[in-house]
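Student: Could you take me closely through one part of this model, the nonpolar core, and then through how the parts around it meet?

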Amino acid sequence: MDITGKKILVCDDSVLARKQLMDAVKEIATGATFIEGKNGAEAVELYKNDKPDLVFMDIVMPEKDGTTALSEIRDYDDNATIIIVSSVGTQDLLKKAIQLGAKDFIQKPFEKNQIKEIIELRLGGK
Amino acid sequence: MYTQFLGNYLLQKGLVSQEQLFNAMSRLSQTHIKLGTIAIHEGLMTAREVDECLYVQTREDKRFGEIAINRGYLTDEQVNELLSKQTPDYILLGQNLVEDGVFSYEQLERILFDYKNDTEIYDLSLDVENQDTINAIISKFFQLAEMPVDEINVMYLELMFNSLIRFVGEDFSPLTPMVLEEYPVTFGVSQCISSEKEYITHIDCDRETAIAFASRYAKEDFLEFDEYVMAALEDFLNLHNGLFIVNVSNTYSKNISLAPPEIKMDGVIYGENKCVDFPVAYPFGTIHLIICY
């Protein structure tokens with residue numbers, strides 16, 4: 001899928017999860033710019049610096065967890081498109097993430113097709 | 001999960017070696033159930049009658065079902081019914097062990113009879129695994145581990161076995177749990193679960209086993225012990241514990257939280273009370289699931 005000019009930020013503290021998510025988005029979204037972060041603090045900083053069009057972010061992360069980062073990013077940019085990718089999916093946590101403005105939730109371990117559908121839907125590439 | 005429990009039973013009773021068990025387990029997905037095996041399982045033929053038909057089959061060019069009908073052991077209808085039955089994997093495991101010459105059909109018949117009695121599996125159809133039976137078998141692990149047999153503990157271990165089946169592979173056998181004061185770390189990942197009490201969960205193994213475990217979990221071929229291998233073990237434990245706290249908070253509305261997983265390369269782990277090691281043997285090595293509380 002060609003989405004030249006778009007930017008995607010992937011943020012996860014697990015080096016393996018980050019690699020697998022990056023491998024998946026790079027394979028699906030050609031022409032895009034990819035940025036990666038390894039905790040919530042980096043997610044906020046990278047968002048402010050690079051203004052990505054789409055963010056995939058874990059919830060349980062050190063230094064600043066996903067929900068705090070989500071809230072800070074949404075405070076900075078109301079239109080931020082943030083997708084939570086997490087293995088922890090308690091109803092409370094999901095409700096909180098949606099209330100804070102997350103656009104979608106993907107349960108780990110993810111299927112490549114789920115990532116593809118999100119990119120198609122959110123970045124409009126076909 | 002009956003297959004893994006049968007493996008545990010066979011090892012415990014000294015009826016198979018680990019090598020024989022893993023050989024038979026590794027072929028489960030490619031094995032088809034034979035009419036004779038399922039006829040014994042359903043109580044329609046004895047092992048002796050099956051052996052007799054198999055012997056005749058080596059001398060006459062006929063199907064097993066045809067021979068069993070000719071000899072009056074089965075009717076046409078029974079053959080058709082048996083052919084359409086779904087058989088649980090643990091019966092396949094038994095069949096593979098017979099084919100490998102580890103024991104005869106007659107011995108298998110006796111072993112399965114004893115296994116069902118021991119584990120109180122009364123439902124002979126067994127197309128669907130019975131939750132009460134699974135709970136009862138898992139409760140025995142906790143009795144051996146001298147841990148309280150409560151619903152949440154049982155849920156944790158059942159979920160662990162399911163996570164292993166789902167994310168690593170079904171070809172494992174749980175071994176007998178061990179109670180320890182503390183556990184010396186080889187290599188592993190720890191994660192603390194907190195509710196009213198604190199539990200330290202830990203998975204531990206040697207490096208070669210970690211590489212094989214990580215390769216299966218991440219569906220990648222890792223060749224050396226590196227950061228990805230370590231991260232795969234962290235991710236597995238985090239995922240499993242994450243599923244657990246979701247289940248607990250959804251089922252019991254309990255406040256329960258998870259600390260980030262931590263890699264441990266040496267030292268010992270211990271809890272306020274004691275540590276229990278639930279070892280799980282895979283063909284590539286043994287994984288130790290440790291719970292300290």
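Tutor: A nonpolar core is here a set of buried Ala, Val, Leu, Ile, Met, Phe, Trp, Tyr and Cys residues joined through C-beta atoms within 7 Å, where buried requires 20 or more other C-beta atoms within 10 Å of a residue's own, the C-beta atoms being placed from the backbone. The model is predicted, so local features need pLDDT of at least 70 and side-chain atom pairs count only at pLDDT 80 or more, while totals for chains, interfaces and linings use all residues. Residues are numbered from 1 along each chain as its sequence is written, and chains are lettered from A and ligands numbered from 1 in the order in which they are written.

The largest nonpolar core has 119 residues, and those with the most contacts inside it are Ala43(A), Val55(A), Met57(A), Ala214(B), Ala232(B) and Leu233(B). Helix 12 of chain B (residues 227-252) gives the most to this core, with 14 residues; helices are DSSP runs of H or I with at least four residues, numbered from the N terminus. Because domain 1 (2-131) and domain 2 (150-292) of chain B both give residues to this core, the core lies between them, the bounds coming from an automatic or database domain assignment.

The C-alpha centres of domain 1 and domain 2 of chain B lie 33 Å apart, and their contact takes twelve residues from domain 1 and ten residues from domain 2, two residues being in contact if their C-beta atoms, placed from the backbone, lie within 7 Å. On the side of domain 1 of chain B that touches domain 2, the largest share, six residues, comes from helix 1 of chain B.

Technical notes
Helix = DSSP H or I, 4+ residues; strand = E, 2+ residues; numbered from the N terminus. Buried ≥ 20, exposed ≤ 12 C-beta atoms within 10 Å, placed from the backbone.
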